[in-house]
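The sequence and the model are shown first, and a description follows.

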Amino acid sequence: MSEYTIIKTNAEDYDRLVLCLSFESLLTYIKKIESTLAKDNIEEEILIDQLLITGDGTNRFMSCKFAQGKLDIRTAKTVKPNACYRRETVAWLHNNYCYVEHSILTEEQRQKIKRNIVF
């Protein structure tokens with residue numbers, strides 16, 4: 001199973017969504033994320049969804065600038081993004097439910113993902 005997936009967004013504010021799929025800290029696989037993002041060699045604003053790490057709390061979403069092959073941690077901040085990003089996450093997890101089955105999510109949240117209901 002993968003530690004993350006990267007979704008190209010078609011919405012304002014962020015160029016790509018990094019969905020963390022592991023319960024481990026993002027920092028344990030940040031170099032892999034940077035390597036994947038660097039393949040396109042462009043500067044971007046990245047949204048990171050840590051739902052499976054933190055749950056649906058206030059620190060779930062984080063934005064960060066990506067440039068010159070690195071996520072600039074100095075620009076990292078918690079954010080409350082547009083609902084379309086929550087839809088992207090739920091849709092991806094709905095289609096890849098194996099990541100949800102033994103996660104930290106509540107039974108109610110798992111059922112919402114199973115039914116493709118955004119939260």
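## A salt bridge between strands

E45 is buried, with 16% relative accessibility (buried means under 20% relative accessible area, exposed over 50%, partly exposed in between, with a 1.4 Å probe and protein chains only). E45 forms a salt bridge with K65, their closest N and O atoms lying 3.0 Å apart (a side-chain nitrogen of Lys or Arg within 4 Å of a carboxyl oxygen of Asp or Glu). This pair links distant parts of the chain, since E45 belongs to strand 3 and K65 to strand 4, 20 residues apart. K65 is partly exposed at 44%.

## Basis of the model

This is a predicted model, in which local features need pLDDT of at least 70 and side-chain atom pairs count only at pLDDT 80 or more, while totals for chains, interfaces and linings use all residues. Residues are numbered from 1 along each chain as its sequence is written, and side-chain values use heavy atoms, leaving out hydrogens and water.

## The sheet

An open sheet of 5 strands has the order 1-2-3-4-5 with mixed pairing (strands pair if DSSP finds at least two bridges between them; strands are DSSP runs of E with at least two residues, and helices runs of H or I with at least four, numbered from the N terminus). Strand 3 (residues 44-49) and strand 4 (residues 61-67) run antiparallel and are joined by 6 bridges. I48 stands opposite M62 in strand 4.

## Other salt bridges

The whole structure holds 12 salt bridges. One of them joins D72 and R74 at 3.0 Å, N to O; D72 is partly exposed at 23%, whereas R74 is exposed at 76%.
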